[in-house]
Amino acid sequence: MKCSWRDGNRIELLENGDNYYPALFSAIDKAESKVILETFIWFEDEVGKQLHSVLLRAAQRGIQVEVLLDGYGSPDLSDDFVETLTSAGVIFRYYDPRPRLFGMRTNLFRRMHRKIVVIDTTVAFIGGINYSAEHMTDYGPEAKQDYAVRVEGPVVLDFVRFELENLPGNETLRRWWKRRTRAEENRTPGEAQALFVWRDNGEHRDDIERHYLKMLANARREVIIANAYFFPGYRLLHAMRNAARRGVSVKLIVQGEPDMPIVKVGARLLYNYLVKGGVQVYEYHRRPLHGKVALMDDHWATVGSSNLDPLSLSLNLEANLVIHDRQFNQTLRDNLITILHQDCRRVDETMLPKRTWWNLGKSVLAFHFLRHFPAWVGWLPAHTPHLAQVAPPVQPEMETQDRVEAENQEVKS
C-alpha cells in the first residue's frame with residue numbers, strides 16, 4: 001500500500017488529553033458501524049475506564065469494535081477489564097504479547113507504537129496521546145505535554161485502507177469498505193492537503209524520516225521541531241545544521257524535565273553539534289514533553305506517534321499525518337511559540353558541555369552509534385512479532401443452559 005496526498009480535509013489540533021479525550025469519546029458515541037483503535041499504552045485508571053465505557057457502549061449498540069494494543073506498553077490490563085469488552089463482541093488483540101522472564105518484559109524492540117482511531121469512514125484521530133490519566137493537565141507535575149489531531153475528509157479513507165491491510169481476518173470489513181467508500185470519496189469538508197505516512201519493518205522503513213529530511217531541505221524561513229525523545233540519525237542532524245547555516249531559523253524543543261533521565265543525557269550529547277551549527281535548542285521545563293510535532297514555514301506540519309530516536313526511526317511501528325495547510329500551521333505555531341516563550345529555556349554556549357577529551361569521545365561514540373544503529377538492529381536476535389487475539393469468555397448464561405441440557409439428558413437416559 002502506498003498513500004498519496006489528499007485534498008479537501010478538515011484537521012483540528014488537539015492539545016493534551018483535556019481536548020483529545022472528549023473529542024474522541026464523542027466521536028465514538030456517534031459511530032454508525034465501525035471503530036478501530038490502536039495504541040501503545042492503555043492503563044486501567046480513570047481515563048482508561050472512560051475509554052472502556054465508551055467502547056463498551058458502542059459494542060452494545062451493535063458497532064463493530066476492534067482494538068490493537070502493544071504487548072510491551074499495555075501488559076497489565078486485568079482479565080475482567082478485557083473480558084467485559086470481548087463478551088460484548090469487541091475484537092481485542094495484543095501485538096507481540098511475549099511472556100515475562102524473571103518478572104521482566106522481554107518484548108523490548110519492534111513495538112506497536114501507533115496511536116490511531118478510525119470511526120466509520122468519516123473521522124480519524126492520530127497523534128502521540130495514549131490512554132492514561134498522566135495525559136491530563138490536572139495530573140500534576142508529571143502530566144505530559146502532547147498533541148493529536150482530529151481528521152475529516154478523503155485522507156480518512158487511507159487510514160481505513162491501512163487498517164484493512166494490517167489487521168487479520170477482515171473479509172467482512174473489506175465488504176463494508178466497498179459499500180461505504182464510494183460515498184466518502186467526494187466529501188471535502190475542509191481545505192487541508194494531508195498525507196498519511198507510517199514506518200514498518202517492511203517496505204516503509206524510513207518513510208517518516210524521509211519526510212523530515214525533505215522538509216528540512218525545502219525550508220526557506222523557519223522550522224520548529226518539538227520532540228520528546230530526540231536522538232536522531234546523523235542524516236537528520238546534518239540536515240538541521242545545513243538548514244540553519246543557509247539562514248533558516250531552526251528551533252528544536254526537547255525535554256527539560258524528562259520522564260526518563262537518560263533522555264536528557266542523550267539529547268545533551270548533541271547540543272554542541274547543533275548549537276554551534278546555528279540550531280536554536282530549547283528545553284521545555286513545565287512538565288515532561290511527550291509531543292511529536294513539527295512545522296516548516298507557513299504551510300507544512302506533521303503530527304504523529306514517531307519520536308526522532310533510534311526506536312521510532314528504526315524499530316517501532318509508527319504513524320504520522322503530514323499536513324499542508326496554512327491555518328493549521330499557524331495554529332500549531334502559535335501553540336509552540338507560546339510554550340517556547342513561557343515554559344522553555346534556550347540552550348546557549350554557556351550551557352554546553354565542556355570541550356574535554358572525555359566529552360569529545362562520548363560525542364564521537366554517540367554520532368557513530370546514531371549513524372550505524374539501523375544496520376546494527378539487523379544483528380539482533382530475530383523474531384516475528386505476531387497479533388494475539390483475546391478470546392471472549394464463555395457466557396454465564398450459556399454455561400447454565402449447557403448444564404441444564406446435560407442434566408435433562410441424564411434424566412432421559
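Helix H4 covers residues 155–166 of this predicted model. Its 12 residues reach 17 Å from the first C-alpha to the last. That is close to the 16 Å expected at 1.5 Å a residue. Of those 12 residues, 9 are buried, so H4 is largely enclosed by the rest of the structure. The buried set includes Val 155, Val 156, Leu 157, Val 160 and Leu 164. Phe 159 and Phe 162 are buried too. So are two acidic residues, Asp 158 and Glu 163.

Now turn to the backbone. Asn 16 has a phi near 60 degrees, a positive value in a residue other than glycine. Asn 16 lies in helix H1, which runs over residues 16–29. Its relative accessibility is 3%, and buried means under 20%, so Asn 16 counts as buried. Asp 297 also is not a glycine, yet its phi is positive, at about 50 degrees. Asp 297 sits in the loop between strand S12 (292–296) and strand S13 (300–304). At 8% relative accessibility, Asp 297 counts as buried.

Next comes the surface. Trp 357, Leu 360 and Val 364 make a nonpolar patch of about 360 Å². Trp 357 belongs to helix H12, residues 357–377. With a relative accessible area of 77%, Trp 357 is exposed, because the cut-off for exposed is over 50%.

Glu 44 lies in the loop between strand S2 (34–39) and helix H2 (46–60). Its relative accessible area is 34%, so Glu 44 is partly exposed.

Methods
Residues are numbered from 1 along each chain as its sequence is written. This is a predicted model: local features need pLDDT of at least 70, side-chain atom pairs count only at pLDDT 80 or more; totals for chains, interfaces and linings use all residues. Side-chain values use heavy atoms; hydrogens and water are left out. Patches are made of residues with over 30% relative accessible area and no salt bridge: like charges are joined within 9 Å, nonpolar side chains (Val, Leu, Ile, Met, Phe, Trp, Tyr) within 5 Å. Accessible areas come from the Shrake-Rupley method with a 1.4 Å probe; for residues, only the protein chains shown count as cover. A salt bridge is a side-chain nitrogen of Lys or Arg within 4 Å of a carboxyl oxygen of Asp or Glu. Helices (H or I, at least four residues) and strands (E, at least two) are DSSP runs, numbered from the N terminus. Buried means under 20% relative accessible area, exposed over 50%, partly exposed in between (1.4 Å probe, protein chains only). The expected span of a helix is 1.5 Å times one less than its number of residues.
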